[in-house]
Amino acid sequence: MSLYLNHYGWLLNFFYPGLEWRLQHPDQKVLYLTFDDGPVPEATPWVLDTLDKYNIKATFFCVGGNLEKYPELYKDILKRKHRTANHTYNHLNGWKHSDDYYFANILACESIMEKLEEEVDIPQEWREKRLFRPPYGKIKRIQSDYLQEIYRVVMWDVITGDFDAQRGKEKCLKTAIEARRNGSIIIFHDSVKSISTIQYALPKFIEDSLEKGYTFETL
Ligand SMILES: [Zn+2]
């Protein structure tokens, strides 16, 4: 059995109600590409150019520390009409930190995002309803309940394992294709660890999905 379990959101939703694992479009072949842990110069510009090449939009879950280092990359994501989301300032595991510390870290990321967004034209809806994804998918129930008062907390339906070099590029692609279904939220990473895998798997995944009649949207 694969180490990367896909399609298990229904089970966790029992314990963590309200999290978004997949958008329900039973009749629509829509997919949601998401990229976590950037932006970084080693990976994000390549992802942006690749998405442009196929004229598709995605959602980027950004780490505050990277936004501080690479503000122009963040603005570039938005200028190219992709959506962005909060992934904490220090890529924190919610299980390991007090609620106050965790929330303060999310707020630190949020302040940087909002400041940079002042300089870019984005849809009002994106300013009003913010998105958050807990790093490692690890969050306490109390944190999740509280954050949902402010955020859409977005998990995933398909985890490709692109960050695991041992696993191999072909397996990453195969997982993405086999687990894909209508409304899937798919995780890749725009990170140093993942770049060589996604340079192989992402264009092939996009091409295969377009061929099968899927379209891509932002969350
Ligand atoms: Zn992450």
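Reader: Which residue in E8 is the bridge partner of Val30?

Author: In this predicted model, Val30 has Thr215 as its bridge partner in E8.

Reader: What makes E1 and E8 count as a pair of strands?

Author: Two strands pair if DSSP finds at least two bridges between them.

Reader: What makes E1 mostly covered?

Author: Six of the seven residues of E1 are buried. A residue is buried if 20 or more other C-beta atoms lie within 10 Å of its own, so six residues of E1 reach that count.

Reader: Why are both faces of E2 called covered?

Author: In a regular strand the side chains alternate between the two faces of the sheet. In E2 (residues 59–62), Thr59 and Phe61 lie on one side and Phe60 and Cys62 on the other, and all of them are buried.

Reader: Turning to the helices, why is H2 called roughly parallel to H9?

Author: H2 (residues 44–54) and H9 (residues 195–211) pack at an angle of about 15°, with their axes 11 Å apart. Angles under 35 degrees count as roughly parallel, so H2 is roughly parallel to H9. The residues that meet include Trp46, Thr50 and Tyr54 in H2 and Leu202 and Ile206 in H9. By class, the contact of H2 with H9 has seven nonpolar, two polar and no charged residues.

Reader: How do you know whether H8 is roughly parallel or roughly perpendicular to H9?

Author: H8 (residues 169–179) and H9 pack at an angle of about 30°, with their axes 9 Å apart. This angle is also under 35 degrees, so H8 is roughly parallel to H9. H8 passes H9 in a right-handed crossing. Among the residues of this contact are Lys169 and Leu173 in H8 and Lys204 and Asp208 in H9. The contact of H8 with H9 divides into seven nonpolar, one polar and three charged residues.

Methods: Residues numbered from 1 in each chain as written. Predicted model: local features only at pLDDT ≥ 70, side-chain atom pairs only at ≥ 80, totals over all residues. Axes fitted to C-alpha atoms, helices over the stretch in contact; angles between N-to-C directions. Helix = DSSP H or I, 4+ residues; strand = E, 2+ residues; numbered from the N terminus. Parallel < 35°, antiparallel > 145°, perpendicular 65-115°, else oblique. Contact = placed C-beta atoms within 7 Å. Nonpolar A, V, L, I, M, F, W, Y, C, P; charged D, E, K, R; others polar. Buried ≥ 20, exposed ≤ 12 C-beta atoms within 10 Å, placed from the backbone. Left-handed = near helix turned anticlockwise from the far one by under 90°.
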